[in-house]
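Thanks, everyone, for making the time.

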Amino acid sequence: MLKPRSSEEVSRILRHCHERNLAVNPQGGNTGLVGGSVPVFDEIILSTALMNQVTSFDRVSGILVCQAGCVLEELSQYVQERDFVMPLDLGAKGSCHIGGNVATNAGGLRFLRYGSLRGTVLGLEVVLADGTILDCLTSLRKDNTGYDLKQLFIGSEGTLGVITAVSILCPPRPKAVNVAFLGCPGFAEVLQTFSTCKGMLGEILSAFEFMDAGCMQLVQQHLRLDNPVQESPFYLLVETSGSSTEHDTEKLSCFLEQVLGSGLVTDGTVATDESKAQALWALRERITEALSRDGYVYKYDLSLPVEQLYDLVADLRARLSSRARHVVGYGHLGDGNLHLNVTAEAFSAVLLDALEPYVYAWTAGRRGSISAEHGLGFRKRDALGHSKPPAAVQLMWQVKALLDPRGILNPYKTLPARA
C-alpha cells in the first residue's frame, strides 16, 4: 500500500505504474458496499489517507477546497464551526473520505434537500493514468467554458483518474432543525404522507426517510434501541431545516395535525432537543449495523418509481419464503431510493441465484436503476446492462480507453467484462 501526501506524489506513482503496466487500486476510507475500493488480484493500493488537509474555506460563499483524503465527519465539523454544513451526510461519515464520496457520487441522507455531488462539487483536481495532473479545481459557481470535465470523474469509481482534491459548495447552517418520527399503517399511507409533507413543508423539508417493521425489529433486537412510537408496519423520519424556529415549528405542527387527524399516521413523536434528535436518527442510520448482526446480508441499492418502491420487498418475501431469515426495505423515500436487504444464516449460492439476476430484471422492468448511490464496483459491474443500453456501455468503454489506454486504474470495476 502506498500513501502519498500530495497530487505530485500521486503523479509520480501513476507515471511509474503506467510505464510498467502495473495495476493500481485507489482507496479512500474503504467503506463502499460493492467492492469498488478492494483489490481483486495483485493491484497496488493507492490510499488517500494522508491527503487530509483543508486548503481553503470562503466564509462568504461557503466554498470549501480540500484534499481527497479528508474524512467526511471531520469536514462536517470544520464547516459547522463556520456556520455552514456539508451538503452530504451518510452513515459511514466517521471513516469515509470526500474523494471516495465524489468518486462514487454518494447520495446520503439529505439528497432531497441538497441534491447530488454532481451539483455541489464545483471543481476537481485529478491525476490521470499516465501521471498527468488535471487541475480543474475551480471555485467558481458558474463556468460555461467547454466540456464539464469534472463530471467524467464524479461517479467513475477511480477507473478514469485518481481524485486528489475537491472544491465543494457548502450551504449555510440551518438555524432551526426539527426531527419527527412517525408510524404509518401501510405503504399507501406512507406515499400519501410524503405528498402531504412536500405540500405543507416544502422549502424547509430536508429529509424524508422510511423503514419497515422488520428494520425496527432488527435495531431493537440487535442494538437494544427503543421504538419511540407504537408498533406500526412502517416508520417515517421527517427532518426540517430552516432559519426560523417559530416558523418551522408551526409548519411542522400543522403537518402533524393534518396527517394524524386524517389517519395517514397512527402515532408520532418530535425531538425536543439535540440528543433526542440523534436518538431518532440512530433508528434509521444504524439499520445497516443491525443487519450485519443478523447473519449474512445480501444488499441491493435501487432507484424505483416512488409508488412502486416497496413492491419488490413484498415480492421477494413471497419468492424466497423460508430460505431467507429477513427481507427488509428502508431508504430515502424522498428521492426514490430503496435499500433492499436479505439476511440468511450464512452465504448460500442457491439463495443468491434466486436473487440475481431476478432483482436486477425486476428493477429494469420498472425502468429503475440497479445502483441508486453505491456505485457498481466489482460486485455489480456485470449488471450494468440492466440500467444502460449497449450504446451507452460501449461509449463508457471508449472513454475508459481514451483516459486509461493500458487499463491500469481500478481494473475489473464498474464496467462489465467484455465478451
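The chain is divided into domain 1 (7-169), domain 2 (176-287) and domain 3 (294-386), with bounds that come from an automatic or database domain assignment. Please keep in mind that this is a predicted model, in which local features need pLDDT of at least 70 and side-chain atom pairs count only at pLDDT 80 or more, while totals for chains, interfaces and linings use all residues. Residues are numbered from 1 along each chain as its sequence is written, and side-chain values use heavy atoms, with hydrogens and water left out.

Let me turn to domain 2 and domain 3, whose centres, taken over C-alpha atoms, are separated by 24 Å. Here 16 residues of domain 2 are in contact with 18 residues of domain 3, contact meaning heavy atoms within 4.5 Å. The area buried between these two domains is about 1400 Å², and carbon and sulfur atoms give 70% of that; buried area is the accessible area (1.4 Å probe) that two parts lose on being put together, summed over both.

What joins the two domains by charge? The count is one salt bridge, that is, a side-chain nitrogen of Lys or Arg within 4 Å of a carboxyl oxygen of Asp or Glu, and the side chains of Asp-212 and Arg-317 meet in a salt bridge at 3.1 Å, N to O.

On the side of domain 2 that touches domain 3, the elements that give two or more residues are helix H7 (187-201), strand S9 (205-212) and helix H8 (213-223), where helices (H or I, at least four residues) and strands (E, at least two) are DSSP runs, numbered from the N terminus. S9 gives the most to that side, with five residues.

Finally, two local details of the backbone. The peptide bond from Glu-356 to Pro-357 is cis, with omega near 10 degrees, and Pro-357 lies in the loop between helix H13 (349-355) and helix H14 (358-365). Asp-83, although it is not a glycine, has a positive phi of about 70 degrees, and Asp-83 lies in the loop between helix H2 (72-80) and helix H3 (98-103).
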